[in-house]
Amino acid sequence: MKETEDRLLILGDKAPRQFFVVYLTCVATVGGFLFGYDTGIISGSMLLIRDIYSLSTLWQQLIVSGTIVTASVFSLVAGVVTDKYGRKFAILWSCVMFTLGAAVMGTAPDKEMLFVGRLIVGVGIGFASMSVPVYVAEAAPPTIRGALVTLNQLFITIGILVSSVVAGAFSTDKENGWRYMLGLAGIPSIIQFIGFFFLPESPRWLMAKGREEDARKALQKIRETEDVDTEFNQIKESVEDESSQQQGNACATLSLMFKTQPVRRALAIGCLLQFFQQLCGINTVIYYSASILRMAGFPSQQAIWLVCVPNAVNMLCTFIGIYLVEKSGRKLLTLISFVGVIIALIVLAVGFQLSVKHSPDIFMTEPSNDTKCIAFSVCNDCITDSDCGYCFEKGNMSSGSCLPTMEKHTERYANPEFNSSFRCDEANYNMDSPKYTWADNFCPTDYSWMAILGLALFVIGFAPGLGPMPWTINSEIYPTWARSTGTSLATAVNWIANLIVSMTFLSLLEAITTYGTFFLFAGISLIGLITIAAILPETKNKTLEEVQELFMSKEYKSQQHTPGQYATDNMAFEEKGSKL
C-alpha cells in the first residue's frame, strides 16, 4: 500500500512533497525534447532540402547521419565531463550546442554548412542523451524512479511529434521552410539553459566529490523536507564503499569496470539493450518516415503531414510505459515491446511486397529521344532506374507513362523533332501540379494504407518498452563510481548502431528492396527478443544500491561481496574466470 501511495505522488496525490522533483525532471528532460525534435525534423525537411540542393543518396545519408556521428563520440566525452564537472554542467553545455547548431542550420548557405550544423547539434544530443537520464535517476526517489526517467523518453516523443507538426506547417514554403524547421530548435534550448540555473546538482555526485554539506542541501531541496537523514546516510555509505574504486581517471575506471564481474555484466546488458533498440529500425521510422510514406504512394506534402500519425501514436503510447514501468516491470515491458515491433515490421514488409507485386502497368508512351525509359512496362521497373520517373493523371492510374527525370528529359529540347512539352513537365518540376503526379521514387498503389498501419503498429509496440526501457535500465544498473562511464558507453553503442542503420537504410532499399529491408529488421528484432529474455533481470522498486546485487554471479556472492565492495579480491575472480 505504501508503494502504491508513493507511485501516486507523481500523479498529484500529496503533490507538495514531490512537486520539485517532478519540476526538476521536466526541466531536465527538455533535453529529451530537443533530442526528439532534432532527430525528427530531418524527416520532413529532407524532402525540401533534397530538391533545393539536388542531394544524392550519399548526401542525404550524410546529412541525416552527421548528427549521429558526433552524438556517438560526444556521448563518450559526456561520461568524462559529467564525472569531472557534474551532471548539471553537462546538461547546460548541451543547451549551448543545441542553440548554436540550430542557428548554423537555419542560416546555412549551402549543403556543406548545413552538414556542419547537423554535426554541432549531434554534440548537444550526445551530451543530453547521456547526462539527462543519469541526473534524473540520481535525483528521483526509488518508487517513482522508473516513471521519472521514462519521462525523458516521453519528452523525446513529444519533440518528434512537434517536429512533424512544424514540418507540415512550413512544408508549403519550398524555398525557406526547411530553415524555419531546423532553426526553431534554438528556442527550447535557451529556455532550458535559463531554467537549469535554478536546479541543484545531483546529491550523489556532490557526495562523491566530498561536498557533503552541498549534497545534504541539494537532497533537502529535491525532497522538499529537512528530514533526509536516512536517505543521506544511505547515499553516503554507498559512496564511501565505492570510494576505493574511484580512480579519478576514465581509463582506470573503465579498466576496473571490465575487471569487476557485476559491473561487467551490467555493462554488457546495457549495451545490448541499446544495440537492439536501434537495430530494430526505429530511426528509419523517425528519420525517413516521410520518405517511407512517399515510397508508399503519398504525395510529398501529404506524406509530411501523415508523419504526424505515427509520431502522435508514439507520444501517446509512451504514457503506457510511464504507467506500467513500476507495475509490470522493465523486463516484461521490453519483451512485449519486441513482439509488437516484430509484428509491425512484418506488416510494413508485406505491404511493400504487395505494392511491388501489383505495380501499375505503363499504358502510354510519349515522343522522346530517350529510349531507355520508354522500354519499361511496369511502374516499379521505371522508378528503379534513377534516370526515369512515372507520370500519371491524378485519380487515374491507367494513364501512366515512364519518362526521363527532370535532369534527363531537358536533353530532348536539343532535338527539334521533340520540341513540344511532355504532359508531365509541370509535375516533374513541381510536385504540386493540379492535374498530374510525377513519381520518381514511388508507384501509386492500393496498399498505401499498410504503410500507415505498419508505422503506427511499430510505434505502438516500440513506445512503451523498447523506447524508454534501455535508458531507464542503464540509468540504474551501475554503481555510482561507474554510472557515468557505463551510461556513456551504452549511449555510444546506441548512437553507433543508429549510425549503422541510418547510413545504410537508403542503400539497403536499393540493394535488397524496401520489403527485404523491413524483413531484415524483423529478423534482428527476433534475435534481440531471445537474447534480452535470457539475460535481463528485473529492477523495479529497488534502490540503486539494491539493483547492483542483481548482477552478481553465484561465485561472486559466495565470496560475501556487498554492492559497494567490488574491488576486493577482484583479481582472484579474474583468475577463476568468473562469467557473465
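How many disulfides does the structure hold? The structure, a predicted model, holds one disulfide. The points below take the overall make-up first and then return to this bond.

1. Overall composition. The chain contains 28 helices and three strands. Of its 580 residues, 59% are buried. Contacts in the chain between residues at least 6 apart in sequence have also been classed by separation: 77% of them join residues at least 24 apart.

2. The disulfide. The bond is formed by cysteine 382 and cysteine 402, whose sulfur atoms lie 2.1 Å apart. The pair links distant parts of the chain, with cysteine 382 in helix 19 (residues 379-384) and cysteine 402 in strand 2 (residues 396-404), 20 residues apart. The torsion about the S-S bond of cysteine 382 and cysteine 402 is about 90°, and the disulfide is therefore right-handed.

3. Are cysteine 382 and cysteine 402 buried or exposed? Cysteine 382 has a relative accessibility of 0% and so counts as buried. Cysteine 402 is likewise buried, because its relative accessible area is 4%, below the 20% cut-off for that class.

4. Two further cysteines. Cysteine 317, at 9% relative accessibility, counts as buried. Cysteine 26, in contrast, has a relative accessible area of 29% and is partly exposed; this class lies between the 20% and 50% limits.

5. Strand 1 and its partner. Why is strand 1 (residues 388-393) described as largely enclosed by the rest of the structure? Five of its six residues are buried, which accounts for that description. Strand 1 is joined to strand 3 (residues 436-439) by four bridges, and the two strands run antiparallel. Within this pairing, glutamate 393 stands opposite tyrosine 436 of strand 3.

6. Helix 4 and helix 24. How do the axes of helix 4 (residues 57-85) and helix 24 (residues 480-512) cross? They come within 8 Å of each other and cross at roughly 175°. Because angles over 145 degrees count as roughly antiparallel, helix 4 and helix 24 are assigned to that class. By residue class, the contact of helix 4 with helix 24 has 14 nonpolar, 16 polar and two charged residues.

Terms used: Residues are numbered from 1 along each chain as its sequence is written. This is a predicted model: local features need pLDDT of at least 70, side-chain atom pairs count only at pLDDT 80 or more; totals for chains, interfaces and linings use all residues. Side-chain values use heavy atoms; hydrogens and water are left out. Buried means under 20% relative accessible area, exposed over 50%, partly exposed in between (1.4 Å probe, protein chains only). Two strands pair if DSSP finds at least two bridges between them. A disulfide is a pair of cysteine sulfur atoms within 2.5 Å. Axes are lines fitted to C-alpha atoms, for helices over the stretch in contact, and angles run from 0 to 180 degrees between N-to-C directions. Angles under 35 degrees count as roughly parallel, over 145 as roughly antiparallel, 65 to 115 as roughly perpendicular and the rest as oblique. Ala, Val, Leu, Ile, Met, Phe, Trp, Tyr, Cys and Pro count as nonpolar, Asp, Glu, Lys and Arg as charged, and the others, Gly among them, as polar. Contact means heavy atoms within 4.5 Å.
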